[in-house]
Amino acid sequence: MLTAPRVSPVFYQAIRCLRKKLPAAYPVRVRTVEKLTGRGLQDGENVGATLGSCRFSPATSKKTGYFSISIVRGPETVMIDALLEEFSHCLAWSHRHDAEDNPNWHGPEWGVAYAEVVRMWRGVK
Ligand SMILES: [Zn+2]
């Protein structure tokens, strides 16, 4: 019988730390997946070449907006690296930044957020 690979508890610790220490403007949902589908990928991103994705779902009359991060299950350090990358998108997000055809998805706002995220994580490890 096949069993899903166990996800390291350190991965879940990273999620809790990020949510607590660097809260995003909207709730961040994180799930682990066997592999990514095209959903959530940005233009030019290749499904086979990326280990995570981040998508924003705007608020509707029935629910608040939220971010969805998907991380491909694999070795702990690879999963955490992907999480830090994707969580940075949640922090860098703005109404302007989130324009559908944003060519600057890894622009300066994201770079600053990524630096913050990496520094936070190194500080707690
Ligand atoms: Zn990214």
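Residues are numbered from 1 along each chain as its sequence is written. Because the model is predicted, local features require a pLDDT of at least 70 and side-chain atom pairs are counted only at pLDDT 80 or more, whereas totals for chains, interfaces and linings use all residues. The protein chain has a mean pLDDT (the predictor's confidence in each residue, from 0 to 100) of 84, with 77% of its residues at 70 or more. Confidence is highest in α1, at 97, and lowest in β2, at a mean of 88. Helices (H or I, at least four residues) and strands (E, at least two) are DSSP runs, numbered from the N terminus.

Three strands form an open sheet of mixed pairing in the order β1-β3-β2; two strands pair if DSSP finds at least two bridges between them. Strands β1 (28-33) and β2 (52-57) lie at the edges with a single partner strand each, so one side of each has no neighbour in the sheet. Neighbouring strands are turned against each other by 20° on average, direction ignored. Strands β1 and β3 run parallel and are joined by six bridges, with R29 partnered by S68 of β3. Strand β2 is joined to β3 (residues 66-72) by six bridges in antiparallel orientation, and G52 has I71 as its bridge partner in β3.

The axes of helices α1 (residues 9-21) and α2 (residues 76-92) come within 9 Å and cross at roughly 20°; axes are lines fitted to C-alpha atoms, for helices over the stretch in contact, and angles run from 0 to 180 degrees between N-to-C directions. Helix α1 is therefore roughly parallel to α2 (an angle under 35 degrees). The crossing is right-handed, that is, the near helix is turned clockwise from the far one by less than a right angle. In the contact (C-beta atoms, placed from the backbone, within 7 Å), V10, F11, A14, I15 and L18 of α1 meet E76, M79, I80, L83 and F87 of α2.

Definitions and conventions
Angles under 35 degrees count as roughly parallel, over 145 as roughly antiparallel, 65 to 115 as roughly perpendicular and the rest as oblique. Two residues are in contact if their C-beta atoms, placed from the backbone, lie within 7 Å.
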